[in-house]
Amino acid sequence: MGGVGDEEPASKRMKVSPGELRGLSNGSSYTEPVAGSSRDLMARPLPSEGDEEVVGSKGVIKRVEFVRLIAKALYSLGYNKSGARLEEESGISLHSPVVNRFMEQILNGNWDESVVTLQKIGLSDENIAKSASFLILEQKFFELLDEKKDMDALKTLRTEIAPLCINGSRVRELSSCIVAPSFVGSPSQNTVRAKSRPKLLEELQKLLPPTVMILERRLEHLVEQALVLQRDTCIFHNSLNEDMSLFTDHQCGRDQIPSRTVQVLQDHSDEVWFVQFSHNGKFLASSSSDKSAIIWEVDVNGWVSLKHRLVGHHKPVCSVSWSPNDCQLLTCGVEEVVRRWDVSTGECLHVYEKPGLGLLSCGWFPDGKWIFSGVTDKSICTWELEGKELECWKGQRTSKISDLEITSDGKKILSTCRENAILLLDREAKVDILLEEDKPITSFSLSSDDKLLLVNLLNQEIHLWSIAGEVKLVAKYQGHKRTRFVIRSCFGGLEQAFIASGSEDSQVYVWHRCSGELIEALPGHSGAVNCVSWNPKNPHMLASASDDRTIRIWGLNEIKVKHKDAHSNGIHYCNGGS
């Protein structure tokens, strides 16, 4: 593929360089006898037996906390008898008697008593106590309104809620519920009627210290954290989370990475420069120095077959771009025109051009109603689908070899504006941000969540930049070869956990995105690998385009390849050979 040309520096404005109550879950309540004196209602430390004991080989899990979490989980799952038996057998109570009384009062709607009991829990933070009282009295207020006791509700608002002197805006909203009852629950307002009492108790659990009331699903949260940590530290993880188990430590093998050639597509007659899967993963598009592009169809079994050959360009086709709904495809000739095609029929729907100038790249706005392209006069232009030119950003916006990306909200356009800089053009704020590298840039790719930018450099490095908020370099990837040609890389795999890249040594390279570790170098091609694309809907499917005039489809080693006629539809099926 063609080499990288030099460009003059562009001007810039900004520069960036390298439990609950037992049985609550099923709606029932539990009443526990409380000893006679008021002092007995005060919150007490949980039983001291075993307070200093720990469980587990690391000595970091406190036995009392562990038992309380298990009891909480049992009650949440509806195993009330098992939870009560655990408390009895261990001698460790899920909650203190005063907290149990408080929860009972909330569920039974004893609002005045619950406010009094709240003060006996012994909260050290007065603001938390006031906020909890506010939630309780607000519930009382709404239930009085529901019972048509407007005067009692007004009295609660004036004599109990307002004197707390917090959340004044909410107090005004509650006042409006009495003045204008239709205000409540109107689509334009956030004020709502009384919530369920168990829901109120859940909100109080989030507000009160966890030593007083354990958060709902706390044990599940801790277990999920452990699984996620195992998943994130597994450099080969590329399978659905449903495959993870609590019974064993999670560890994937290399067999989760697509590393076996399952098909070789041979329908181009010259170097293949670009390849890209559709958003829905059902199609693959490729473009070539043979002046054509091809739309390939991916069937339900992952097999790829030729759907349409797109001809009409008079120069090599350097890139393609799928419409947001995958019904149309753009193709761009080298410093030529952009063509729009119907995917279902293969018909050319429109040709976009600038008289006397050539187009360098192509892309879609997120709504699919506009397209954009870099132009040889270093501008970026946009068109309506039918060809009406809309906007054109003049100045040094693009370089001779220009990638273009747009964020999913349509607010920012990214382009290479000179050999070592990428322009982030904010269309709304009218602010330009330059991301500058020390070495010339050959290509870049935007992550699906718009937060990360993958930049290929002339010095055989790939840099990962965070562009969400402060622009900063977060990772570097090395190992592939690049000396003369434009080599493209991509994000891919489950949750885009991997980086794949072409290379001039005829191999495909795969790194773990977070650790930067090189995990695969895949042989098979006999010429430079110019571009790679990971199927966004199938983490086990990868495509690579090469100067050897072929496209390779990579899959998992463990898959048994079904052999078909050797050259049907221009496709050669193989077991990893060339």
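The largest nonpolar core has 32 residues. Those with the most contacts inside it are Phe102, Ile106, Ile136, Phe141, Ile161, Leu204 and Met213. Keep in mind that this is a predicted model.

Which elements give two or more residues to this core? They are helix 3, helix 4, helix 5, helix 6 (150-161), helix 7 (168-179) and helix 8. Helix 5 gives the most, with nine residues. As a general point, nonpolar side chains in soluble globular proteins tend to be buried together.

Take Ile136. Leaving out residues up to four places away in sequence, Ile136 touches Phe102, Ile106, Trp111, Ser114, Val115, Leu118 and Leu204.

Now helix 3. Helix 3 covers residues 97-108, twelve residues. At 1.5 Å a residue, the helix should span 16 Å. Its end C-alpha atoms are 16 Å apart, so the two agree. Helix 3 is mostly covered, with nine of its twelve residues buried. Phe102 and Ile106 are among the buried ones, and so are the polar residues Asn100, Glu104 and Gln105. What covers them? The cover includes helix 4 (111-120), helix 5 (126-146) and helix 8 (197-207). After the helix comes Gly109, with a positive phi near 75°.

Arg101 pairs with Glu104, with the closest N and O atoms 3.7 Å apart. The two are three residues apart in the helix, so about one helical turn separates them. Arg101 counts as partly exposed, at 24% relative accessibility. Glu104 is buried, at 11%.

On to the other salt bridges. The whole structure has 19. Lys72 forms one with Glu216, the closest N and O atoms being 3.4 Å apart. Lys72 lies in helix 1 and Glu216 in the loop between helix 8 and helix 9 (218-233), so the pair ties together parts 144 residues apart in sequence. Are Lys72 and Glu216 buried or exposed? Both are buried.

Arg63 and Glu53 meet in a salt bridge too, at 3.6 Å, N to O. Arg63 is in helix 1 (residues 63-76), and Glu53 is in the loop between strand 1 (15-16) and strand 2 (54-55). Arg63 is partly exposed at 23% relative accessibility. Glu53 is partly exposed at 42%. There is also a network of salt bridges, linking Asp112, Lys140 and Glu160.

Next, aromatics. The count is eight aromatic pairs. Phe141 and Phe142 form an edge-to-face pair, 5.5 Å centre to centre with 70° between the planes. Both Phe141 and Phe142 are buried. Tyr509 and Trp511 have ring centres 6.1 Å apart and planes at 25°, so that pair is stacked. Tyr509 and Trp511 are buried as well. Phe365, Trp370 and Phe372 form one aromatic cluster.

Strand 13 pairs with strand 14 (residues 370-374) over two bridges. Gly363 has Phe372 as its bridge partner in strand 14, and Phe372 also belongs to the aromatic cluster.

Then the hairpin. Strand 23 (residues 461-466) and strand 24 (residues 472-478) run antiparallel, joined by six bridges. Trp465 has Leu473 as its bridge partner in strand 24. Five residues lie between the two strands. In the turn, Gly469 has a positive phi of about 80°.

Key: Residues are numbered from 1 along each chain as its sequence is written. Side-chain values use heavy atoms; hydrogens and water are left out. Two strands pair if DSSP finds at least two bridges between them. Helices (H or I, at least four residues) and strands (E, at least two) are DSSP runs, numbered from the N terminus. Rings of Phe, Tyr and Trp (its six-membered ring) pair if their centres lie within 6.5 Å; planes under 30 degrees apart count as stacked, over 60 as edge-to-face and the rest as tilted. Buried means under 20% relative accessible area, exposed over 50%, partly exposed in between (1.4 Å probe, protein chains only). The expected span of a helix is 1.5 Å times one less than its number of residues. Contact means heavy atoms within 4.5 Å. A nonpolar core is a set of buried Ala, Val, Leu, Ile, Met, Phe, Trp, Tyr and Cys residues joined through side-chain atoms within 4.5 Å. A salt bridge is a side-chain nitrogen of Lys or Arg within 4 Å of a carboxyl oxygen of Asp or Glu.
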